[in-house]
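Colleague: I have not looked at this one before. Can you walk me through it?

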Amino acid sequence: MPSKYQIVKKDELTPDISRISVYAPLIAKKAKAGQFIILRATQDGERIPLTISSCDGDDVTVIYQKVGDSTMTLDEIPEGDCLADFVGPLGVPTDIDGCSKVAVIGGGLGCAIALPVAKALHDKGVHVDLIGGFRTKSIVILEEEMRDASDELYICTDDGSYGFSGFVTGKLQELIDGGEKYDRVYAIGPLPMMKFVCKLTKTADIPTIVSMNPIMIDGTGMCGCCRVTVDGQVKFACVDGPDFDGHKVDFDETIARASTYREFETRRREEHKCRLEGMSNG
Amino acid sequence: MANMSLEKTKMNEQAPEVRNKNYSEVALGYTHEQALNEASRCLNCKNPACVKGCPVNVPIPQFIKKIQEGDMQGAYEELSSANALPAICGRVCPQENQCEGKCVRGIKGEPVGIGRLERFVADWALENDVSTAKVAPPNGKKVAVIGSGPAGLTCAGELAKKGYSVTIFEAFHVAGGVLSYGIPEFRLPKAIVQKEVDNLRKLGVDIELNMVIGKILSIDELMDEMGYQAVFIGTGAGLPNFMKIPGESLVGVFSANEYLTRINLMKAYRENNPTPVFESKKVAVLGGGNVAMDAARCAKRQGADVHIVYRRGEAELPARAEEVHHAKEEGIIFDLLCNPVAIEGDDKGRVKSMKVIRMELGEPDASGRRRPVPIEGSEFEMDVDTVIVAIGTSPNPLIRSTTPGLDTNNRGCITTGEDGTTSREGVFAGGDASTGAATVILAMGAGKTAAKSIDEYLQKK
């Protein structure tokens, strides 16, 4: 039997994005699409919130991008080793009731979170059009999994190297213009992407759920760090979300808040890279 | 012969201008000689008022007498018979409103330094690895304790000593609750908290970290599927309140919980730590309680100019007198009778200033304190880049929203009888989760009371 919080499987989806499955049977039993976990890779490590990508038996799978010091540290832990901490399932599951045809939109790493939502809807018999946006062909992830979880899959690349040429909003607009009628849109990805999807769906009058991923510490409502203004009210993404009505989210405020520790993060990332290079040179 | 000095024996402290740049403990504790000197100020009253002022009724004259006699083991036995966490209480209890507030020596001069003596005895026991706890043989009954703060730790310890098999479920990756995430290292060293937690483990208490009850398991699952015959909810009041003024979501506005958690729990004050803490030049801390003092003194240690902004006057500050005194010594500026009206941001959404209105004290309000009233036209602008909101906390809804039949009041606090019983059979609660934000010692008292009720309840079963 694996140990508590053991990484039972690990693979690299792209050079920047990895997927790990972690032994956490109680979480695996309870988790629903849209919920997240918080992990610490090492003792004294940072608490990293990650949305659950899938659960299989006793294992919980999360996908992360090696963008900062802490995710790079996480990535240094090999398959078979254990994480220091793994807590969840946190947040409210995504509302998948009351619709018959939806568009699920993922942007980059957001596709890892859009996937379980699409799958939950698709398994329920909802017609799912899945739009996955990436910068370029070489960083497309989860294409097969997304195809299995949807009725139609549309991959978009910003540079036109694969699939639809342009942003996910371009594809969505094209589908709506072509006569597709959606009861609801789910948008999960970078803040500017979600903001522009919401702008479009507001004009098209389609209810839209977005999944927020703000800075967080505890994930249980204790620090208030993850607050998001929704319809003029302050909400805590960790306990009230992470999903919110996208037409009511104050995206500009959220984008500013996401930059709170940017200088620190940049410095840490550069230091981490230096350490790595130092090691490989030495 | 009693020492009739009107003043407490001074305790050595780090100098203010030194300590406001480090996180080491401010108050260094009594030497043996100082403790003997202070202990001899106690008159050993026949009807000790101090004991009545203590929420857990520590036999104060008795433990002090043992110090006078040089019997440290005996002193610790007296102390720990009533107080499970004396090294913590000796440091963080508001003694001036409790035991010391009732001490007859305080009528003329300063009261006996009961808190300092408590700390002295408790530290001696921790250093010498002394344990007095006697554990009854296992009785085969299982109790779940939710939350490892002062209420949960006390309840678990009491039940373990009675022979119960106790599991504490803690949401964070470290046990201790507010003792670990809230109260800073310089006021309560985390090594002391962990020693107290380790002592509980020695009693056989199992501590499961990273378990958010209400999410991973519900109370019903604990009782129906996992065989716990009683549950104690000691989940505290962790949800931060905000002022609800414009600008509170700007970059640079933090709840005290967030600011303190980053520094204390995540060790953001250490060099080369992966968890960031905001780099501030000038900080306004809103509120006048212990949490406000803690946040202000942390911000000072992070190198900022720090102002406490409080809407009432000096006499109304709810913080312990010692914390206010220490904060002032460390160079924190108190802007009293000032109330924030709005926080202003720059074009990048970052705090650049705060608009404040001056207040005056009017008639007493429901709390008995004089109500602060704004002085019209007295608004002024404070240049700050950081605002830390420390105006109180509310109980977390995770448990109440997932436990059918558990009654709560309109403030979200779990409704309990004086004995810690709730509206659900077999479910008990205490501490901030039922009273709203209060003190460590009151939570401990509630944990102790609930343990007694749980024992009575399970003996009948």
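Modeller: We will go through cysteines, cavities, salt bridges and some backbone details.

Modeller: This is a predicted model, in which local features need pLDDT of at least 70, side-chain atom pairs count only at pLDDT 80 or more, and totals for chains, interfaces and linings use all residues. Residues are numbered from 1 along each chain as its sequence is written, chains are lettered from A and ligands numbered from 1 in the order in which they are written, and side-chain values use heavy atoms, with hydrogens and water left out.

Colleague: How many disulfides over all chains?

Modeller: The count over all chains is zero, with a disulfide taken as a pair of cysteine sulfur atoms within 2.5 Å.

Colleague: Is A:Cys198 buried or exposed?

Modeller: A:Cys198 is buried, at 4% relative accessible area. Buried means under 20%, exposed over 50%, and partly exposed in between, with a 1.4 Å probe and protein chains only. A:Cys55, at 31%, counts as partly exposed.

Colleague: Next topic. How many cavities of 30 Å³ or more?

Modeller: Three. On a 1 Å grid over the protein atoms alone, a cavity is a set of points where a 1.4 Å probe fits but cannot get out, and lining residues have an atom within 4 Å of a point. Points are joined across faces, edges and corners, and a volume is the space filled by probe spheres set on the points. The largest cavity has a volume of about 110 Å³.

Colleague: Which residues are closest to the centre of the largest cavity?

Modeller: B:Cys54, B:Val58, B:Cys99, B:Ile114 and B:Glu118, out of 15 residues that line the cavity. Two elements of chain B, α4 (60-68) and α8 (114-127), each give two or more residues to that lining. Helices here are DSSP runs (H or I, at least four residues), as are strands (E, at least two), numbered from the N terminus. α8(B) gives the most, with three residues.

Colleague: And how do the lining residues divide?

Modeller: Into 10 nonpolar, four polar and one charged. Ala, Val, Leu, Ile, Met, Phe, Trp, Tyr, Cys and Pro count as nonpolar, Asp, Glu, Lys and Arg as charged, and the others, Gly among them, as polar.

Colleague: Is A:Arg40 buried or exposed?

Modeller: A:Arg40 is buried at 5% relative accessibility, and A:Asp85 is buried at 6%.

Colleague: What about chain B?

Modeller: B:Asp123 forms a salt bridge with B:Arg119, at 3.4 Å between the closest N and O atoms. These two are four residues apart in helix α8 of chain B, so about one helical turn separates them. B:Asp123 is buried at 15%, and B:Arg119 is buried at 5%. B:Glu69 and B:Lys65 also meet in a salt bridge, at 3.1 Å from N to O. B:Glu69 is partly exposed at 49%, as is B:Lys65 at 39%.

Colleague: Last topic, the backbone. Which peptide bond has omega near -10 degrees?

Modeller: The one from A:Gly88 to A:Pro89, which is cis. A:Pro89 is in strand β6 of chain A. The bond from A:Gly241 to A:Pro242 is also cis, with omega near 15 degrees, and A:Pro242 sits in the loop between α7 (237-240) and β15 (243-245) of chain A.

Colleague: What is phi of A:Asp231?

Modeller: A:Asp231 has a positive phi of about 55 degrees, although it is not a glycine. A:Asp231 lies in the loop between β13 (227-230) and β14 (233-236) of chain A, and is exposed at 51%.

Notes:
1 Å grid on protein atoms, 1.4 Å probe; cavity = no way out; pocket = protein on both sides within 12 Å on 5 of 7 lines; lining within 4 Å. Salt bridge = Lys/Arg side-chain N within 4 Å of Asp/Glu carboxyl O.
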